[in-house]
Amino acid sequence: MKFGKKALYSLTLLGATLLAGCGGSDAADSAETSGNGEEPITLTIMTWNNNPEGTKKEQEILDAFTEENPHITIKQVSATYDEYNERVLTMAAGGNLPDLIWTQPAGYATFVENGLLMDLSDQVDKLDLDELQPGVIELGQVDGTQYGMIRDRSTVQMAYNKDMFDEAGIEYPEDDWTMDEFLETAKALTVKDGDRTTQFGIENFYLKELLTAHGTNIMDPETAEITLDAPKTIEAIELSQAMINEYNVQPTGAQTEGMSSLFLSGVAGMSMAGPWDWVEFEKNAAFEFDIVPLPSASDKGTLSPAAYLPISINAETDYPEEAWELLEFLTYGGGQDIQAEIASAVPVVNRATDDVLSFAGAPDNAQALVDQLENGSVVPNTPYQKDVPEIENRVTALVETLNLNNTPVEGPLKELAEELRAEFGLK
């Protein structure tokens, strides 16, 4: 009988569990005995789980590694997402940074600049990178050096209310739809009662997603050049403003006040959504929903921004070999085969991509996400540059002001772009 990699891993894990269960009093033996004489060690890993259930699920994945490596104990150290990067820097300054670190893309360049992360290039060179989905390995690189591996990667797509489409007699969108088709659909879904909009075409087309769909960004993801004043960027932001003020297909901030989700409330026909939203939609929506990729607005075809989790190793860890073994397990090995079921985390290895189809709450067209992960249309939209958070905050504040006041965008965008280039020494 021939077994695939996932089946072999499951059998190995089952065998380890049965042996552990049959140990009786031997289970209390020292870690040296269970680990074939290897010295017991404890690895720490820093995460940003903000709830006990999330921490528990992550620990289940970590425990699967310790079942194979009984001399290693793994403990999580958690911080809130908003305070995470500051906490990492504080712990590093105090000499107690964990052995492995979940890394937010916005903080990656700062961690590298401060020498916190181990260069993993030699270890990665020994892997068969064809096992990974397109573009995954590059997400862990800063200036061509490998400082992390990606545990999971996904993207935002367009969720839509099938019941609302049916009632309006509108055809469901196709995976290769265009921005023009999206706009016409949003208009057709929008309902007004006099001057008051009672139903919107879309809840919110987020700025970074809209830019990516147009094939552009605030900053070039590879070179960190400011592209805020590029023609495609201006075109996308003009559309953002028009959706609110001209076409009224997207609500203003005031119109959403007091409502947690216009989409779930049946007040908006479409919404940005990732696989992390599927369970909530299935449980709480009083309608049938499905998903499609973001509409295309460039000659590059369908594009959507990557949402991903890099994990790095502390450059000062006392256990570099064991830390790498754990990192490889999580991002390349057996952890990839169980994380979808345990934590609803989208695998990055080709052998497990289809696990997305069995996610809790997966809609009929979940295959669209699998296709995007495999065809390379899920792309980075933020460079690893230390000033990115401040730059993005300033751009977002400007765009929100322009949309609120419904004023021309080209002049202010070009002015801010020049200010950012001068202030941060960028091109």
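The model is predicted. It holds 2 cavities of 30 Å³ or more, and the second largest pocket has a volume of about 860 Å³. Among the helix pairs, H16 and H17 are roughly antiparallel, H4 and H5 are roughly parallel, and H3 is oblique to H13.

**Cavities**

- Rolling a probe the size of a water molecule over the atoms shows where empty space is left.
- The largest cavity has a volume of about 60 Å³, and the second largest cavity has a volume of about 50 Å³.
- Lining the largest cavity are Lys 208, Leu 211, Asn 217, Ile 218 and Met 219, together with Asn 381, Thr 382, Pro 383 and Glu 392.
- By class, the lining of the largest cavity consists of 4 nonpolar, 3 polar and 2 charged residues.
- Around the second largest cavity stand Ile 45, Thr 47, Glu 58, Leu 62, Gln 76, Trp 102, Arg 151, Ile 311 and Leu 330.
- Strand E1 (41-47) and helix H3 (52-68) are the elements that give two or more residues to the lining of the second largest cavity.
- In the lining of the second largest cavity, 5 residues are nonpolar, 2 are polar and 2 are charged.

**Second largest pocket**

- The volume of the second largest pocket is about 860 Å³, and 37 residues line the pocket.
- Closest to the centre of this pocket, among its lining residues, are Pro 221, Glu 222, Pro 380, Thr 382 and Pro 383.
- Thr 382 and Pro 383 are also part of the lining of the largest cavity.
- At least two lining residues of the pocket come from each of helix H5 (105-113), strand E4 (141-142), strand E12 (304-313) and strand E13 (378-379).
- H5 supplies the largest share of this lining, with 4 residues.
- The lining of the second largest pocket divides into 16 nonpolar, 13 polar and 8 charged residues.

**Helices H3 and H13**

- H3 packs with helix H13 (residues 320-331) at an angle of about 125°, and the two axes are 11 Å apart.
- Because of this angle, H3 counts as oblique to H13.
- The crossing of H3 and H13 is right-handed.
- H3 brings Ile 61, Leu 62, Ala 64, Phe 65 and Glu 68 to the contact, while H13 brings Glu 325, Leu 326, Phe 329 and Leu 330.
- This contact of H3 with H13 has 7 nonpolar, no polar and 2 charged residues.
- Leu 62 and Leu 330, both part of this contact, also line the second largest cavity.

**Glu 322 in H13**

- Glu 322 lies in helix H13.
- Leaving aside residues up to four places away in sequence, Glu 322 touches Ile 41, Leu 43 and Ile 72.
- Glu 322 and Leu 97 are 225 residues apart along the chain, and their C-alpha atoms are separated by 16 Å.

**Helices H16 and H17**

- Helix H16 (residues 388-405) and helix H17 (residues 410-424) cross at roughly 165°, and their axes come within 11 Å.
- An angle over 145 degrees counts as roughly antiparallel, so H16 is roughly antiparallel to H17.
- H16 and H17 make a right-handed crossing.
- From H16, the contact takes in Glu 390, Ile 391, Arg 394, Val 395, Leu 398 and Leu 402.
- From H17, the contact takes in Pro 412, Leu 413, Leu 416, Glu 419, Leu 420, Glu 423 and Phe 424.
- The contact of H16 with H17 comprises 9 nonpolar, no polar and 4 charged residues.

**Helices H4 and H5**

- The axes of helix H4 (residues 84-93) and H5 cross at roughly 20° and come within 10 Å.
- Angles under 35 degrees count as roughly parallel, and H4 and H5 are therefore roughly parallel to each other.
- H4 passes H5 in a crossing that is right-handed.
- Asn 85, Val 88 and Leu 89 of H4 meet Ala 106, Gly 107, Thr 110 and Phe 111 of H5 in this contact.
- The residues of the contact of H4 with H5 are 4 nonpolar, 3 polar and no charged.

Key
Residues numbered from 1 in each chain as written. Predicted model: local features only at pLDDT ≥ 70, side-chain atom pairs only at ≥ 80, totals over all residues. Heavy atoms only, no water. 1 Å grid on protein atoms, 1.4 Å probe; cavity = no way out; pocket = protein on both sides within 12 Å on 5 of 7 lines; lining within 4 Å. Points joined across faces, edges and corners; volume = space filled by probe spheres on them. Nonpolar A, V, L, I, M, F, W, Y, C, P; charged D, E, K, R; others polar. Axes fitted to C-alpha atoms, helices over the stretch in contact; angles between N-to-C directions. Parallel < 35°, antiparallel > 145°, perpendicular 65-115°, else oblique. Left-handed = near helix turned anticlockwise from the far one by under 90°. Contact = heavy atoms within 4.5 Å.
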